[in-house]
Amino acid sequence: MCGRGQLFWVVGRNLKCSRGKQAPRWISSKWFRYGFLLFFMTMFGTMVFNTYLVFAGTGTLKKAIKLFWTFGVPWKWAYTGSLFPDWVAQFAFGFYSLMLTSTLLGFIVMFLYKERTWCTFCPMGTMTQGICKWKNAGKMEEKEYE
Ligand code: SF4
């Protein structure tokens, strides 16, 4: 049901924008997937903290989108104020930065390798897989006791 996975499939496979090459093995290795998850969650936490700073009045709203956690792209034209307080807008700018960056990363690996290479190290996918493993481990333990 994930729209991003479908997007890479449609653009990569149907529109033939993917080279279809095998990705290097390290991309699907445990250390890389969990390392990327940790990095992503740290960046998510930073984004939430920046939102809190604006909420608490110690930070000001930055009307910029940060691509690849490095390049600040001015995005002032997209926001001229709203009914909501500034911290809501700060959250939106931060969240949009994160989502746009990860989508661009997904497109880069889609082009270089197979269509859904992003899915092999997608933080959401890694977490979902972890939950499934954890649940299955519980079921295995239950079976052992039966
Ligand atoms: S791994 Fe991530 S991008 Fe891929 S389908 Fe799952 S949630 Fe979507």
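Contact here means heavy atoms within 4.5 Å, and by that rule threonine 103 touches Arg4 and Phe8, not counting residues up to four places away in sequence. Welcome to a short tour of a predicted model, in which local features need pLDDT of at least 70, side-chain atom pairs count only at pLDDT 80 or more, and totals for chains, interfaces and linings use all residues. Residues are numbered from 1 along each chain as its sequence is written, and side-chain values use heavy atoms, with hydrogens and water left out.

**Threonine 103**

- Threonine 103 is found in helix 3; helices (H or I, at least four residues) and strands (E, at least two) are DSSP runs, numbered from the N terminus.
- This threonine is buried, with a relative accessible area of 18%, where buried means under 20% relative accessible area, exposed over 50%, and partly exposed in between (1.4 Å probe, protein chains only).
- A polar atom of the threonine 103 side chain lies 2.7 Å from the backbone oxygen of methionine 99.

**Helix 2**

- Helix 2 covers residues 30-56, 27 residues in total, and reaches 38 Å from its first C-alpha to its last.
- That span is close to the 39 Å expected at 1.5 Å a residue, the expected value being 1.5 Å times one less than the number of residues.
- Buried residues in helix 2 include Phe32, Arg33, Phe36, Leu37 and Phe40, and also Met47, Thr51 and Val54.
- An α-helix has 3.6 residues a turn, so residues three or four places apart point the same way.
- Just after helix 2, glycine 57 takes a positive phi of about 85 degrees.

**Aromatic pairs**

- Rings of Phe, Tyr and Trp (its six-membered ring) pair if their centres lie within 6.5 Å; planes under 30 degrees apart count as stacked, over 60 as edge-to-face and the rest as tilted.
- By this rule there are 19 aromatic pairs.
- Phenylalanine 36 and phenylalanine 121 have ring centres 5.2 Å apart and planes at 80 degrees, so they form an edge-to-face pair.
- Because phenylalanine 36 lies in helix 2 and phenylalanine 121 in helix 4 (residues 118-121), the pair ties together parts that are 85 residues apart in sequence.
- Both phenylalanine 36 and phenylalanine 121 are buried.
- Tryptophan 75 and tyrosine 96 are also edge-to-face, because their ring centres are 6.0 Å apart and their planes at 65 degrees.
- This pair links distant parts of the chain, 21 residues apart: tryptophan 75 in the loop between strand 2 (71-74) and helix 3 (86-112), and tyrosine 96 in helix 3.
- Tryptophan 75 is buried at 18% relative accessible area, whereas tyrosine 96 is partly exposed at 41%.
- One aromatic cluster is formed by Trp26, Trp31, Phe32, Phe36, Phe39, Phe40, Trp69, Trp118 and Phe121.

Methods. A polar contact is a pair of N or O atoms within 3.5 Å; within protein, one must be able to donate a hydrogen and the other to accept it, and residues adjacent in sequence count only if both atoms are side-chain atoms.
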